[in-house]
Amino acid sequence: MLEYKFDTQLLIEGTDLDEDEINDYITEHFRGDCLLAVGDEELIKIHFHTNEPWQVLEYAATKGEIYDIVVENMERQEQGLKG
């Protein structure tokens, strides 16, 4: 059993985005691991393992337009099922 079962990935498109600020906010406010927040002032890629992916999506939507959203259930994948 995984501690955090949802692999959450998305892109944030906006202006004046700060990957360090986004990384720090997610780290401080959401439970999870394997966080990557990389990009530039106009586009940030987020990758995060969590049990509450909707919280990450809600926050990201406050920073800009979100798209290419993927939420996969890693427990199902581990069992050989579609995630």
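The largest nonpolar core of the predicted structure comprises 15 residues. Within this core, the members that touch the most other members are Leu10, Ile12, Ile22, Ile26, Ile44, Ile46 and Phe48. At least two core residues are supplied by each of β1 (6-13), α1, β2 (33-39), β3 (43-50) and α2 (53-63). The greatest contribution is that of α2, which gives 4 residues to this core.

On the surface, a patch of negative charge is formed by Glu13, Asp16, Asp18, Asp20, Asp24, Glu28, Asp40, Glu41, Glu42 and Glu65. Helix α1 (residues 19-29) provides the largest share of this negative patch, with 3 residues. Glu28 is placed in helix α1; because its relative accessibility is 63%, Glu28 counts as exposed.

Asp16 is exposed, since its relative accessible area is 68%. Although Asp16 is not a glycine, its phi is positive, at about 55°.

A positive phi, of about 60°, is likewise found at Cys34, which is not a glycine. Cys34 lies in strand β2, and with a relative accessible area of 45% Cys34 is partly exposed.

Terms used. Residues are numbered from 1 along each chain as its sequence is written. This is a predicted model: local features need pLDDT of at least 70, side-chain atom pairs count only at pLDDT 80 or more; totals for chains, interfaces and linings use all residues. Side-chain values use heavy atoms; hydrogens and water are left out. Patches are made of residues with over 30% relative accessible area and no salt bridge: like charges are joined within 9 Å, nonpolar side chains (Val, Leu, Ile, Met, Phe, Trp, Tyr) within 5 Å. Accessible areas come from the Shrake-Rupley method with a 1.4 Å probe; for residues, only the protein chains shown count as cover. A salt bridge is a side-chain nitrogen of Lys or Arg within 4 Å of a carboxyl oxygen of Asp or Glu. Lys and Arg count as positive and Asp and Glu as negative; His and the chain ends are not counted. The place of a charge is taken as NZ of Lys, CZ of Arg, CG of Asp or CD of Glu. Buried means under 20% relative accessible area, exposed over 50%, partly exposed in between (1.4 Å probe, protein chains only). A nonpolar core is a set of buried Ala, Val, Leu, Ile, Met, Phe, Trp, Tyr and Cys residues joined through side-chain atoms within 4.5 Å.
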